[in-house]
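The following exercises concern the structure displayed below.

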Amino acid sequence: MNPTSTLAWKALDQHAGQWSAKHLREVFKADPARAQRYVADACGIQLDYSKNRINDETLELLLQLASETGVAARRDAMFSGAKINNTENRAVLHVALRNRSNTPIVVEGADVMPDVNEVLERMFAFADKVRAGEWKGRTGAAITDVVNIGIGGSDLGPLMVCEALKPYGHDTIKMHFVSNVDGAQIAQTLRKVNPETTLFIIASKTFTTIETLTNAHSARDWFLASGASEADIAKHFVAVSTNAAAVSKFGISTDNMFGFWDWVGGRYSLWSAIGLPIVLSIGPDNFKALLAGAHAMDEHFRTAPAEKNLPMLLGLLGVWYANFLGSPSVVIAPYNQNLHRLPAYLQQLDMESNGKGVRNEGDKVDYKTGPIIWGEPGINGQHAYFQLLHQGTHLIPLDFILALEQSDMDPKHHAVLIASCFAQSAALMRGKTPDEVRAELDKAGVTGERAEMLVKHRTFDGNRPSNMMLLDKLDPAHLGALIALYEHKVFVQGAIWGINSYDQWGVELGKQLASGIERALKGGGGELDYDASTQRLIGLARARLSL
Ligand code: F6P
């Protein structure tokens with residue numbers, strides 16, 4: 001159903017009007033108990049959503065919207081293995097990958113769990129060998145470096161998790177990630193490693209992605225040029241893919257391939273064999289804890305009442321801002337440094353999932369869908385993009401993310417980190433009134449016309465909303481829960497908007513055009529098919545470089 005035709009949507013439209021005259025500062029004064037009321041906990045994550053432009057009525061209407069648009073039924077369909085990815089006719093079952101309770105999940109009449117468990121066991125056995133130094137390279141030396149070659153979902157998830165869980169990483173094995181087809185990245189990586197002690201993981205769901213295959217061929221050529229033979233490839237190259245034929249064609253034996261299935265979307269795949277670099281880095285037990293954390297969040301999403309359900313609340317708040325308060329974007333501001341790749345990861349997760357303008361039925365949407373997701377570690381953001389959030393003209397809600405405990409925790413540093421995070425969320429909400437600025441200036445001896453001019457510049461409107469997400473600890477289990485929370489937030493929003501969050505036709509056009517332009521750059525025909533601007537650019541590149 002079109003969400004705009006629900007009673008809740010119409011009521012929310014009306015209700016939104018009253019928020020233009022309300023300020024969160026006043027709302028808190030009138031109702032300080034909201035600080036306790038608008039808090040929900042699950043899986044060691046606390047979501048404090050009290051600093052949002054909402055009240056009990058807003059929440060009630062948003063929950064009604066979820067109910068009228070059938071979010072719970074669609075959630076149950078996903079968990080049951082129904083083919084909710086209708087354009088690709090596929091089930092959406094990343095939840096099966098971390099289904100630690102092992103209850104059967106049936107797709108086309110077969111339980112997928114035995115296959116899931118079998119691949120996990122192979123990954124764990126392989127990782128144990130590599131980590132223990134028992135997997136030998138061609139000269140009998142143990143592996144010291146792992147290079148993951150992949151892009152998008154075959155890169156961002158493993159990279160983000162390996163960074164986030166660095167303190168859990170192997171003592172001596174170093175992880176490297178190559179995604180960009182810019183030859184500089186692979187060249188710089190290869191300069192740091194030794195072909196005799198390096199393991200390459202070629203990670204590609206389709207095994208057709210040009211960036212990954214180009215990098216993989218360069219790595220293979222470099223390896224062979226070091227004196228290795230074709231037979232040695234088996235000791236230094238493994239593949240992660242759903243495409244066994246293409247893996248064999250590349251020259252990697254399927255004995256060295258870890259498979260997954262078409263019901264795992266690229267951006268939802270870090271729990272599958274795509275997570276192999278994570279297992280190699282943090283070890284099977286920590287990877288199991290990551291899976292268990294995600295599974296706990298799955299169970300919470302599946303069973304908790306909507307008003308206490310973290311993904312539901314997060315998703316609904318996002319819909320409130322996107323569709324009723326006119327906000328185009330959301331900032332992800334993690335405060336712990338090891339979460340520094342989380343914004344990039346969530347950018348793909350959310351924008352590739354909900355960046356859609358056509359509803360499941362094929363008609364164009366007549367309302368806003370997925371927001372623009374961006375961010376950087378909050379502490380650095382405070383000295384950069386936060387200016388726009390405080391005094392700019394856009395309404396941009398933030399997700400502050402902070403783990404209260406972590407490894408490598410220096411109490412002195414941690415106090416500054418936590419204080420900065422809480423201070424920003426308070427400042428964005430409160431702002432600073434002209435009278436407060438005037439008093440400050442007066443104290444500093446600035447008065448008269450100059451003071452009045454400065455008052456205008458130094459006043460902060462405030463009323464800028466944010467969520468505060470507190471993790472008990474930055475460890476595998478909490479990280480798993482956090483990622484699953486965002487996956488399900490994206491699900492909730494896609495379900496309300498009635499769009500397919502699990503295809504990505506939008507990225508295909510660029511891929512198609514790129515192969516034609518590459519031929520043209522090398523002197524092949526086809527330029528005439530392009531617009532005048534693109535033709536000029538092709539001509540310019542051809543004149544400057546011999547490719
Ligand atoms: O370009 C988009 C995309 O299709 C993503 O959805 C995917 O994660 C990425 O490319 C990599 O794809 P593959 O794993 O098949 O190489």
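**Exercise 1.** Determine how many residues surround the ligand and which are the closest.

*Solution.* The model is a predicted one. Step 1: counting the residues around the ligand gives 14. Step 2: the closest of these are Gly153, Ser154, Ser204, Thr206 and Thr209.

**Exercise 2.** Describe how helix α14 and helix α22 pack.

*Solution.* Step 1: locate the helices, α14 at residues 284–303 and α22 at residues 476–497. Step 2: their axes are 7 Å apart, and the packing angle is about 40 degrees. Step 3: an angle between 35 and 65 degrees is neither roughly parallel nor roughly perpendicular; α14 and α22 are therefore oblique to each other. Step 4: the crossing of α14 with α22 is right-handed. Step 5: the residues of this contact comprise 13 nonpolar, four polar and one charged. Among those that meet are Ala289, Leu290 and Phe301 in α14, and Leu479, Leu485 and Phe491 in α22.

**Exercise 3.** Carry out the corresponding analysis for helix α5 and α22.

*Solution.* Step 1: α5 covers residues 71–80, and its axis comes within 9 Å of that of α22. Step 2: the two axes cross at roughly 125 degrees. Step 3: α5 and α22 are therefore oblique to each other. Step 4: the crossing is right-handed. Step 5: the contact residues divide into seven nonpolar, one polar and two charged. From α5, the residues involved are Val71, Arg74, Arg75, Met78 and Phe79; from α22, they are His488, Phe491, Val492, Ala495 and Ile496.

**Exercise 4.** State where asparagine 2 lies and which residues asparagine 2 touches.

*Solution.* Step 1: asparagine 2 belongs to the segment before α1 (7–18). Step 2: the side chains of asparagine 2 and threonine 4 are joined by a polar contact of 2.6 Å. Step 3: leaving aside residues up to four places away in sequence, asparagine 2 touches Arg359, Asp366 and Tyr367. Step 4: leucine 97 is 95 residues away from asparagine 2 along the chain, and their C-alpha atoms are separated by 32 Å.

How values were computed: Residues numbered from 1 in each chain as written. Predicted model: local features only at pLDDT ≥ 70, side-chain atom pairs only at ≥ 80, totals over all residues. Heavy atoms only, no water. Axes fitted to C-alpha atoms, helices over the stretch in contact; angles between N-to-C directions. Helix = DSSP H or I, 4+ residues; strand = E, 2+ residues; numbered from the N terminus. Parallel < 35°, antiparallel > 145°, perpendicular 65-115°, else oblique. Left-handed = near helix turned anticlockwise from the far one by under 90°. Contact = heavy atoms within 4.5 Å. Nonpolar A, V, L, I, M, F, W, Y, C, P; charged D, E, K, R; others polar. Near = heavy atom within 4 Å. Polar contact = N/O pair within 3.5 Å; in protein donor to acceptor, adjacent residues only side chain to side chain.
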